[in-house]
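Trainee: I would like to go through this model with you, one site at a time. Where shall we begin?

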Amino acid sequence: MTTKIIAHRGASKLAPENTMYAFELAYNLGAEGLETDVQLTKDHIPVLIHDETLKRTTSGSGYVKDFTYEQLQRLDAGSWFAPEFRDAKIISLEDFLTWVKPKDLYLNIELKNNKIDYNNLESMVYDMLKSHRLLERTTLSTFNPNSVERLVKYKDDIEIAYLTSKRNPNLVEHARRLGASALHIKYRLVSEQLIRQSHDANMPVRVYTVNKYKHMMNCYEHGCDGIFTDVPYKALTFRKVFQFKKQL
Ligand code: G3P
Ligand code: MG
């Protein structure tokens, strides 16, 4: 099997994360999938931003949930990264899906509801993916175990991943009991045993955030199903190196 290269928040090492610049760039550089994070605005619009607050990645401050989508549109989501990105905006999930639709990309929509458990976020995002006919190539993931349980009703239509960074000898069993159909884990949890157990339970394993050569090679070697990386162009090159070495 070939490990899929998924751009983490877009090509987030080269352009401001979770903006169209980062997604366009990731796609143009050959990423095979995109990962993004969803929070909810005051007027219940799912938007792509990693933090619950605006300070780190925009010209604003305060919580995303306290602003309307229109208010958020006035913010600069690019200057913090580099001046040439000053016209970058926070984008809605709707606009992102419209852009993704004609492209051959796998999608991982991460629900950022582990700190603020946004009401109905699961159903809103699911309905949007359904109306864009993107269910089949998307994984919904979350660190929030209660949210995984709420997502179980969609399991026949869309892959549901439990996200975790915590060591647990019974992780696969734990995820299975929650009702997840995939496992998204921090790279330090990668082991031959965990990948095997997960695959035996028919659960794909994807790993975040894998930016270093050594860690990438480890994931390729263990047959991880995907890696989330800020540097998809490097991951693609190193995967070629891995495949070349394997033939020797
Ligand atoms: O979805 C994988 C990864 O993005 C989870 O962590 O904090 O980068 O969203 P974080
Ligand atoms: Mg994420």
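Mentor: This is a predicted model. Begin with the lining of the largest cavity, which is made up of Glu17, Asn18, Thr19, Leu48, Ile49, His50, Thr57, Thr58, Ala77, Trp80, Lys89 and Ile90.

Trainee: How many residues of that lining are nonpolar, polar and charged?

Mentor: Leu48, Ile49, Ala77, Trp80 and Ile90 are in the lining, and residues of these kinds count as nonpolar. Glu17 and Lys89 are in the lining too, and Glu and Lys count as charged. The lining therefore divides into 5 nonpolar, 5 polar and 2 charged.

Trainee: What volume does the largest cavity have?

Mentor: The structure holds 1 cavity of 30 Å³ or more. The volume of the largest cavity is about 80 Å³.

Trainee: Which residues coordinate the magnesium ion (ligand 2)?

Mentor: The donor residues are spaced E-x1-D-x72-E in sequence. Their contacts to the ion run from 1.9 to 2.1 Å, and the donors are Glu35 (OE), Asp37 (OD) and Glu110 (OE).

Trainee: Is Asp37 buried or exposed?

Mentor: A residue counts as buried under 20% relative accessible area. Asp37 has a relative accessible area of 0%, so Asp37 is buried.

Trainee: What percentage of the exposed area of ligand 1 does the protein bury?

Mentor: An oxygen atom of ligand 1 is 3.2 Å from an N or O atom in the Asp37 side chain. For the side chain of Glu35 the distance is 2.7 Å, and for that of His50 it is 2.7 Å. Taken alone, ligand 1 exposes 290 Å², and the share buried by the protein is 91%.

How values were computed
Residues are numbered from 1 along each chain as its sequence is written. Chains are lettered from A and ligands numbered from 1 in the order in which they are written. This is a predicted model: local features need pLDDT of at least 70, side-chain atom pairs count only at pLDDT 80 or more; totals for chains, interfaces and linings use all residues. Side-chain values use heavy atoms; hydrogens and water are left out. On a 1 Å grid over the protein atoms alone, a cavity is a set of points where a 1.4 Å probe fits but cannot get out, and a pocket is an open set with protein on both sides within 12 Å along at least five of seven lines; lining residues have an atom within 4 Å of a point. Grid points are joined across faces, edges and corners, and a volume is the space filled by probe spheres set on the points. Donors are N, O and S atoms within 2.8 Å of the metal (3.2 Å for Na, K and Ca); water is not among the atoms, so sites may look incomplete. Buried means under 20% relative accessible area, exposed over 50%, partly exposed in between (1.4 Å probe, protein chains only). A polar contact is a pair of N or O atoms within 3.5 Å; within protein, one must be able to donate a hydrogen and the other to accept it, and residues adjacent in sequence count only if both atoms are side-chain atoms. Accessible areas come from the Shrake-Rupley method with a 1.4 Å probe; for residues, only the protein chains shown count as cover.
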